[in-house]
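Me: I am new to this structure. Please show me how to read its features, step by step.

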Amino acid sequence: MERIIRLYFFIFITTQALFSQTISLQEAIVATLESHPDAKIALLSLEKSRANLGVTKALRHPEIMLNGDYFPTKTLVMPTNGAFATRDSSTSHIDVTVTYTLWDFGRSSERINAAMYENDASLSLHENAKA
């Protein structure tokens with residue numbers, strides 16, 4: 001019986017040695033950060049806050065809109081030689097609108113500051129998750 005246990009133990013040890021893989025400390029840290037739920041939450045929060053900061057900074061830029069319309073129309077014309085004729089005409093319209101906020105009583109700058117603070121908080125959360 002003892003021999004069978006030793007044989008199983010020997011087989012277990014040799015299969016572990018054959019299929020084991022050594023990784024460096026940096027690889028282990030990266031693998032842990034990619035799979036740990038808290039680290040994933042911190043990374044996604046950081047990405048969200050960076051995107052929010054970019055959207056908030058876009059408030060400083062003008063908004064440009066380009067609109068175009070095309071109206072084809074057919075108009076009945078008085079009969080000539082006993083048949084009604086139609087006249088094809090069309091109308092088009094192009095419109096460019098530029099909107100820029102000159103003064104909003106500090107609302108945009110405060111939104112940008114809040115987004116920066118959120119970004120800093122997410123960055124520190126991400127750094128704490130790494131530690």
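Reply: We will take the features in turn.

Reply: This is a predicted model, where local features need pLDDT of at least 70, side-chain atom pairs count only at pLDDT 80 or more, and totals for chains, interfaces and linings use all residues. Residues are numbered from 1 along each chain as its sequence is written, and side-chain values use heavy atoms, with hydrogens and water left out.

Me: How many salt bridges does a search of the whole structure find?

Reply: Side chains of opposite charge can pair when their charged atoms come close. A salt bridge here is a side-chain nitrogen of Lys or Arg within 4 Å of a carboxyl oxygen of Asp or Glu. The search of the whole structure finds one. Lys48 and Glu118 form it, at 3.9 Å from N to O. The pair links distant parts of the chain, 70 residues apart: Lys48 is in helix H3 (residues 37-57) and Glu118 in helix H4 (residues 107-130). Helices (H or I, at least four residues) and strands (E, at least two) are DSSP runs, numbered from the N terminus.

Me: Is Lys48 buried or exposed?

Reply: Buried means under 20% relative accessible area, exposed over 50%, and partly exposed in between, with a 1.4 Å probe and protein chains only. Lys48 is exposed because its relative accessibility is 55%. Glu118 has 27%, so Glu118 is partly exposed.

Me: Which residues form the nonpolar patch on the surface?

Reply: Patches take residues with over 30% relative accessible area and no salt bridge; like charges are joined within 9 Å, nonpolar side chains (Val, Leu, Ile, Met, Phe, Trp, Tyr) within 5 Å. Here the patch is Ile64, Leu66, Ile94, Val96 and Val98, with about 580 Å² of accessible area together. That area comes from the Shrake-Rupley method with a 1.4 Å probe, and for residues only the protein chains shown count as cover. Strands E1 (63-80) and E2 (83-99) each give two or more residues. E2 gives the most, with three. Leu66 sits in strand E1. Leu66 is exposed because its relative accessibility is 65%.

Me: What describes a pair of aromatic rings?

Reply: The distance of the centres and the angle of the planes describe such a pair. Rings of Phe, Tyr and Trp (its six-membered ring) pair if their centres lie within 6.5 Å; planes under 30 degrees apart are stacked, over 60 edge-to-face, the rest tilted. One aromatic pair is found in the whole structure. Trp103 and Phe105 are edge-to-face, 6.0 Å centre to centre, with 70° between the planes.
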